[in-house]
Amino acid sequence: MFDHEKLARDVTRYLDGLMDPGEVRDFERLIDENPGLKAELVAQKQMKEVADGMSLTKLPDQIWDGYWKGVYRRIERGSGWFFLSAGLIILLAFGAYHLFADFLLNPMEPIIVRLGVAIAILGTIILLVSIGRERYFARCHDRYEREVER
Amino acid sequence: MDTLVMELTEAKVVTPLVDQDAELLAACARGRTRAFHQLVEKYKRRAYYIALGLVGSSEDAWDLSQEAFVRIWKGRKSFDPSRPFWPWFYAILANLCKNCLRDRDVRVRHADGIRRMEEGRQDDVGNPEAVLLETETQQEVWAAIEQLPFKFREIIVLRHFQDMAYEDIARQLGIPEGSVMSRLFYARKKLREFLEHPETRGTCDV
């Protein structure tokens, strides 16, 4: 019985000339005794040669000059979004505090209006939590979305 | 000519200078953008060409390799200087490429339906943007490579397009050297299967 994993490794090592002379002798004997294996070796050699003969299209040098600027712009915009979000959160917190203190708890305002606003706010919070939770679980359970960290 | 040789050499750097990278990353962690700039300059070509091999589109490769650097910058404080930079970077880049391929696949499915997707795949084959395709065989091979599952495509790109040694690929992917060799064997086997029976293409997951 063949150990297929070992055989796969040996074919690759043989084609890349990574075997020592003794191993080459043993492997070639094995090949001669097994026509199926010999056919696989020939096919692997062909694939190797074709793939070796291919190369990626190279970009012209002047294009590379703009690479760093692109990376820098992304970082800059990321920082911009961060500060914008932080500022909006502070403003929203301030607004929420005043809404609560000056409006919802204000006995001068009609109770029906205060109740309506409170229910609308509750509905918005439930919707946001639901969307946030859905996105969080989708991210956690999707193997492709997981961030690589060390 | 010298420039081209230099570019090719830079694109195929095999062993990164670990100590220098650790110093640069330590400086990045202190917020030094100049050190980060040096790091980007050092690895940009390699990052781009690997992404190009993986996603097959120049525009996406440019975008994804830049995004990988941005993520490095964001995560610079969590970097362990005793470990090499490149495998960390590569893991992020490969993940981004995988996401890109999956999203592309999902977009095609959503937009056109399964039948149109099959036609689209036929139209996309042999994309001349990514690879120098001089012969018909090379066009067919590239079309087949584009349909390989990600782990096989990855190994073909690293070994054949980046000319990396098995030891370096193993370190980069975090798998034993023997597994790199056997994975390459199965990748070539699958490639041949796709070339001999094109109708079986598109049956693998990204």
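A: In this predicted model, B:Arg192 has a relative accessible area of 18%, which places this residue under the 20% limit for buried. Its partner in a salt bridge is A:Glu40, and the closest N and O atoms of the two are 2.9 Å apart. The pair runs from one chain to the other: B:Arg192 belongs to helix α9 (residues 177-196) of chain B, and A:Glu40 to helix α3 (residues 35-52) of chain A. A:Glu40 is at 11% relative accessibility and therefore counts as buried too, given that the limit is 20%.

This pair is part of the interface between chain A and chain B, where the count of salt bridges is six. Over all chains the count is 21. B:Asp63 also forms a salt bridge with a residue of chain A, namely A:Arg74, with the closest N and O atoms 2.1 Å apart. On the side of chain A that touches chain B, helices α1, α3, α4 (61-64) and α5 (67-104) each supply at least two residues. By type, the residues on that side of chain A are 20 nonpolar, eight polar and 15 charged. Polar contacts across the interface of chain A and chain B come to 16 residue pairs, both residues being at pLDDT 80 or more.

The extent of the interface can be given in residues or in area. In residues, 43 of chain A are in contact with 63 of chain B. In area, the two chains bury about 5,100 Å² between them, and 61% of this is on carbon and sulfur atoms.

Salt bridges within a single chain can be set beside the pair that crosses. In chain A, A:Arg13 forms a salt bridge with A:Asp10, the closest N and O atoms being 3.6 Å apart. Both residues lie in helix α1 (residues 4-15) of chain A, and because they are three residues apart they are separated by about one helical turn. In general, an α-helix has 3.6 residues a turn, so residues three or four places apart point the same way. A:Arg13 and A:Asp10 are both buried. They also belong to a network of salt bridges that links A:Lys6, A:Asp10, A:Arg13 and A:Glu23.

In chain B, B:Arg102 forms a salt bridge with B:Asp103, and the closest N and O atoms are 3.0 Å apart. B:Arg102, at 16% relative accessibility, counts as buried. B:Asp103, at 31%, counts as partly exposed.

Helix α9, which holds B:Arg192, is part of a chain with nine helices and zero strands. Along the sequence, chain B reads α-α-α-α-α-α-α-α-α. In helix α8 (residues 166-173) of chain B, the buried residues are B:Tyr166, B:Asp168, B:Ile169, B:Ala170 and B:Gln172. Just after α8(B), B:Gly174 has a positive phi of about 70 degrees.

For chain B as a whole, 52% of its 206 residues are buried. Of the contacts in chain B between residues at least 6 apart in sequence, 65% join residues at least 24 apart. The accessible surface of chain B is about 9,600 Å², with 49% of it belonging to carbon and sulfur atoms.

Terms used. Residues numbered from 1 in each chain as written. Chains lettered and ligands numbered in written order. Predicted model: local features only at pLDDT ≥ 70, side-chain atom pairs only at ≥ 80, totals over all residues. Heavy atoms only, no water. Salt bridge = Lys/Arg side-chain N within 4 Å of Asp/Glu carboxyl O. Helix = DSSP H or I, 4+ residues; strand = E, 2+ residues; numbered from the N terminus. Buried < 20%, exposed > 50% of the residue type's maximum accessible area, 1.4 Å probe, protein only. Contact = heavy atoms within 4.5 Å. Buried area = accessible area lost by both parts, 1.4 Å probe. Polar contact = N/O pair within 3.5 Å; in protein donor to acceptor, adjacent residues only side chain to side chain. Nonpolar A, V, L, I, M, F, W, Y, C, P; charged D, E, K, R; others polar. Areas by Shrake-Rupley, 256 points an atom, 1.4 Å probe, with all protein chains shown as cover.
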